[in-house]
Amino acid sequence: MKSKITLFFTILICFLLQCTVIHVISIGSITPNLPLILCVSMGLLRGRKSGMWTGFFSGLLTDMFYGSVFGFYALIYMYIGFLSGYAHRICYDDDVKVPVLLAGVGDMLYGFSVYALQFLLRGRLGLGTYLCRIILPEAFYTVFLTIFVYRIFYRINNRFMSPSKKESESIWVLK
């Protein structure tokens, strides 16, 4: 129960930071995607299920306040959190390279899915412009922020949430 409450407040704080403080550090109206970093982090640290639920509720908050189609961002974040949870068993938690890589790939998937479902279906075909001006700078900025923010989420997970055993850490002794 303590883990779920901590995760709820972490999602809420990340959403509030994304809405308020992150816009202060935007460069050319490009901001890093903090809820995506949270989804990737919880997927890596806690597994597919936790990453999926973190993504769903992060996206639901985004949908309620900023989305034009209800459930769109919840679905995207949910898939990104679920897919990043596949690396839960095979990577070390304190290593930063895998979260940085997954945040970059996740942000690219996020950018392409937003383009495909919100712009392409409306007849706007400027993929090159959208890729160069929005998707790549946001992915780069998100990767840069992941280097610092992942360590904070790692400490929150180890300090306030109940530990989840990895399959590689469990030892089966046959008697």
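Let me start with four rings: F72, Y73, Y77 and Y110 form one aromatic cluster. Here, rings of Phe, Tyr and Trp (its six-membered ring) pair if their centres lie within 6.5 Å; planes under 30 degrees apart are stacked, over 60 edge-to-face, and the rest tilted.

A word on the source. This is a predicted model, where local features need pLDDT of at least 70 and side-chain atom pairs count only at pLDDT 80 or more, while totals for chains, interfaces and linings use all residues. Residues are numbered from 1 along each chain as its sequence is written, and side-chain values use heavy atoms, with hydrogens and water left out.

Now the aromatic pairs. The count comes to 13 aromatic pairs. One of them is W53 with F56, and that pair is edge-to-face. The centres are 6.0 Å apart, with 90 degrees between the planes. Both residues sit in helix α3, 3 residues apart, about one turn of the helix. Helices here are DSSP runs (H or I, at least four residues), numbered from the N terminus.

Are W53 and F56 buried, exposed or partly exposed? W53 is partly exposed, at 42% relative accessible area. F56 is also partly exposed, at 26%. The cut-offs: buried is under 20% relative accessible area, exposed is over 50%, and partly exposed is in between, with a 1.4 Å probe and protein chains only.

Next, Y73 and Y110. Their ring centres are 6.2 Å apart and their planes are at 35 degrees, so this pair is tilted. The pair links distant parts of the chain: Y73 is in helix α4, Y110 is in helix α5, and 37 residues separate them. Y73 is buried, at 12% relative accessible area. Y110 counts as buried too, at 12%.

A pocket is found on a 1 Å grid over the protein atoms alone: an open set of points where a 1.4 Å probe fits, with protein on both sides within 12 Å along at least five of seven lines. Lining residues have an atom within 4 Å of a point. Volume is the space filled by probe spheres set on the points, which are joined across faces, edges and corners.

The largest pocket holds about 600 Å³ of space. It is lined by 24 residues, and the closest to its centre are Q18, T31, Y73, Y110 and E138. Which helix gives the most to this lining? It is α5, with 6 residues. Helices α1 (2-19), α3 (48-66), α4 (72-84), α5 (97-119) and α6 (127-160) each supply at least two. By class, the lining has 14 nonpolar, 8 polar and 2 charged residues. Nonpolar means Ala, Val, Leu, Ile, Met, Phe, Trp, Tyr, Cys and Pro; charged means Asp, Glu, Lys and Arg; the others, Gly among them, are polar.

The second largest pocket holds about 400 Å³. It has 14 lining residues, and S3, K4, L7, S50 and W53 lie nearest its centre. Helices α1 and α3 are the elements that give two or more residues to this lining. Its classes are 7 nonpolar, 4 polar and 3 charged.

On to the cores. A nonpolar core is a set of buried Ala, Val, Leu, Ile, Met, Phe, Trp, Tyr and Cys residues joined through side-chain atoms within 4.5 Å. The largest has 17 residues, and L34, I37, L38, M42, L145, V149 and F153 touch the most other members. Helices α1, α2 (34-46) and α6 each give two or more residues to this core. A second, separate core of 16 residues includes Y73, I76, I80 and V114.

Some contacts, meaning heavy atoms within 4.5 Å. I leave aside neighbours within four places in sequence. L145 is in contact with I22, P32, L34 and I37. F153, in helix α6, is buried at 4% relative accessibility. What does F153 touch? Its contacts are T10, C14, I37, L38, S41, M42 and L45.

T142 is buried, at 0% relative accessible area. It touches P32, N33, L36, I37 and D107.

Last, A87, in the loop between α4 and α5. A87 counts as buried, at 12%. Its contacts are L44, V98 and L102.
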